[in-house]
Amino acid sequence: MDKLNKEQRDILLDYYFECAGQQESETAKELLETHQGAIEFYNRLHHSLSALEHLDHEVCASCPDHLVEKTLDKLYSHTAKTEPISQLDKLLHAESEKVVTKRPSFWRNFAEAAAVAAGVVILSGIFVPVTKQMRAMAWQAACQANLAKIAQGITGYANENSNFLPAVATKAGNPWWKVGSTQPQHQSNTRHVWVLVKNNYAEPQLFVCPGGTREKLPALSQTQIANLSDFPNRRYITYSFKLISEPNKAKYPLSAAPLMSDTNPIFETCLQNPGCVDKNEFDPITLSEKLLKINSTSHRGKGQNVMFSDGAVRFTSQRVFGSDDDIFTVKDRQVYRGTETTSSETDVFLVP
Amino acid sequence: MKTGKNHNNHKDRTDEQELLHRYVAGDRDAFQQLVTRYKDPLYAFLRRFLNQTQLVEEAFQETFLQLYRSRKTFEKDRPLRPWLFTIAANKARDTLRKLQRRDTISLGAMAEPEDLNVDDVLNSLKSYEITPYDEAEKAERAEKVRKIIENMPENLKEILILAYFEQFSYKQMADMLSIPIGTVKSRLHTAIVHFTKKWKSLNNEII
């Protein structure tokens with residue numbers, strides 16, 4: 001009896017699961033008519049998996065009515081609880097709760113209070129914005145310094161690795177957002193830049209923008225760094241890096257192209273949700289007018305630091321560079337599921 | 001293989017489109033009709049996956065609640081079924097993990113791809129003649145299959161149920177599980193090998 005080769009076996013499996021294309025189906029049918037080994041294989045496969053049909057004897061096909069009722073009750077009671085009370089109702093409620101007391105000298109008290117309040121407003125009006133602005137500028141500069149040092153690391157890496165960007169094995173269509181996942185098939189786009197930390201091209205603390213978080217993260221030991229294949233979680237990397245789907249094509253760009261920036265604002269909220277990574281869920285995101293305009297929140301939504309391949313780092317509220325390329329989206333893509341890829345090298349997509 | 005894929009006809013699709021538009025707009029009546037439409041297949045899917053009434057009911061409710069909550073992110077022009085089953089599979093996985101944490105027992109870890117040849121495993125079956133079973137035998141076999149499925153690694157169980165019972169295409173499963181199509185195929189092959197080996201070892205005297 002002729003032995004089947006791997007390709008023939010795969011075609012028969014695809015055909016069995018009704019996942020074969022037209023041409024594959026034709027090949028499968030032909031094999032099943034002419035090839036004894038194929039007939040044997042198909043029959044054994046059918047015999048083995050038809051055992052699964054036994055499950056249907058146990059599984060009650062129809063859902064009990066009480067479950068549907070319970071689900072809808074839960075849904076309606078849940079939405080009723082979360083429906084916002086109208087502003088008018090709130091005001092009326094607050095008004096009815098208010099305790100009214102008679103004050104003997106209203107105008108005197110009012111004048112005193114108003115004078116003090118005016119003084120506070122004037123002083124805070126002068127000092128608060130100034131100090132806030134100074135702090136924001138300091139964080140912006142510190143963030144730029146971080147990116148400049150990472151840029152040096154990337155250049156150093158490229159010089160020693162035949163002009164390639166840091167990249168680990170991955171495939172187009174792999175999720176790019178699962179930061180810290182230890183699954184080999186879940187390759188977050190951050191794994192590529194982790195190579196810089198792992199091989200001492202950049203310090204791990206450089207990957208946290210001081211403007212985005214004031215949280216003190218525990219330092220990573222050398223042993224931890226050696227054992228990890230990605231940043232431990234999203235808090236350890238607040239920058240977005242150029243999406244790499246094919247490592248063998250990840251050449252260091254010849255012209256100045258964006259490589260890294262403050263967090264991509266489109267996915268920021270979704271990925272900050274701790275349940276997102278824990279639950280392995282990426283709720284699909286559809287682009288809206290607002291999402292196409294917002295800036296990274298690391299710098300109060302005023303703009304983002306963008307690192308270019310020539311080592312320059314610029315703070316800008318601009319998202320579109322080169323030939324009309326928005327660095328936070330994939331060209332012509334409206335809905336995002338966390339597995340997108342770009343179709344050309346000129347379409348830069350910085351994630352996660 | 002279960003008979004035939006679920007191909008909705010044109011009228012069904014149009015009806016569903018209209019329901020989906022109303023559901024996205026927050027129409028409860030439309031949502032209720034969607035629940036009625038999908039309650040049975042979803043319930044059967046969760047029964048196969050979780051196999052305990054209480055867990056199934058929890059996951060069932062959570063799935064529809066999530067479906068309602070995330071209606072604004074749903075693309076109206078796409079079919080609902082793969083999206084609904086994506087949510088259901090996630091909820092089922094969560095339920096199993098919660099149970100695992102609570103009971104601190106292993107309920108089936110994620111399996112790494114096995115480099116096993118489907119052909120060899122299938123060839124090791126002594127016979128593939130299908131013999132008629134009486135009712136007692138059927139019940140006994142059903143119990144064995146249920147046990148194998150219950151103890152299967154989570155990712156293999158999931159792919160086998162989605163491919164065999166729900167008959168999703170490779171592309172749909174790849175989207176649902178956020179994995180490349182190649183991984184769907186290799187995982188499904190591993191699941192077949194796993195199931196066949198277990199089935200064989202449980203029925204060594206018969207097959």
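Mentor: What follows is a set of questions and answers on the two chains and how they touch.

Mentor: This is a predicted model, in which local features need pLDDT of at least 70, side-chain atom pairs count only at pLDDT 80 or more, and totals for chains, interfaces and linings use all residues. Residues are numbered from 1 along each chain as its sequence is written, while chains are lettered from A and ligands numbered from 1 in the order in which they are written.

Trainee: What pattern does chain B follow along the sequence?

Mentor: Helices (H or I, at least four residues) and strands (E, at least two) are taken here as DSSP runs, numbered from the N terminus. Counted in this way, chain B has nine helices and zero strands. Read along the sequence, its pattern is therefore written, in terms of those DSSP runs, as α-α-α-α-α-α-α-α-α.

Trainee: Are H2(B) and H3(B) parallel or oblique to each other?

Mentor: Axes are lines fitted to C-alpha atoms, for helices over the stretch in contact, with angles that run from 0 to 180 degrees between N-to-C directions. Angles under 35 degrees count as roughly parallel, over 145 as roughly antiparallel, 65 to 115 as roughly perpendicular and the rest as oblique. H2(B) and H3(B) pack at an angle of about 140 degrees, with their axes 10 Å apart. That angle makes the relation of H2(B) to H3(B) oblique.

Trainee: How many nonpolar residues does the contact of H2(B) with H3(B) have?

Mentor: Among the residues that make this contact are Phe31(B) and Leu42(B) of H2(B), together with Phe60(B) and Tyr68(B) of H3(B). By class, the contact has one charged and one polar residue, and its nonpolar residues number twelve.

Trainee: Are H7(B) and H9(B) roughly parallel or roughly perpendicular to each other?

Mentor: The axes of H7(B) and H9(B) come within 9 Å and cross at roughly 100 degrees. Their contact includes Ile159(B) and Leu160(B) of H7(B), and Leu188(B) and Phe195(B) of H9(B). The two helices are therefore roughly perpendicular.

Trainee: How many residues of H8(A) are buried?

Mentor: A residue is buried if 20 or more other C-beta atoms lie within 10 Å of its own, exposed if 12 or fewer, and partly exposed in between. Helix H8 (residues 190–198) of chain A is mostly covered, and its buried residues include Trp194(A) and Leu196(A). Of its nine residues, the number buried is seven.

Trainee: Which residue stands opposite Asn305(A) in E5(A)?

Mentor: Strands pair if DSSP finds at least two bridges between them, and strand E4 (residues 304–308) of chain A pairs with strand E5 (residues 313–316) of chain A in the antiparallel sense over four bridges. In E5(A), the residue opposite Asn305(A) is Phe315(A).

Conventions: Contact = placed C-beta atoms within 7 Å. Nonpolar A, V, L, I, M, F, W, Y, C, P; charged D, E, K, R; others polar.
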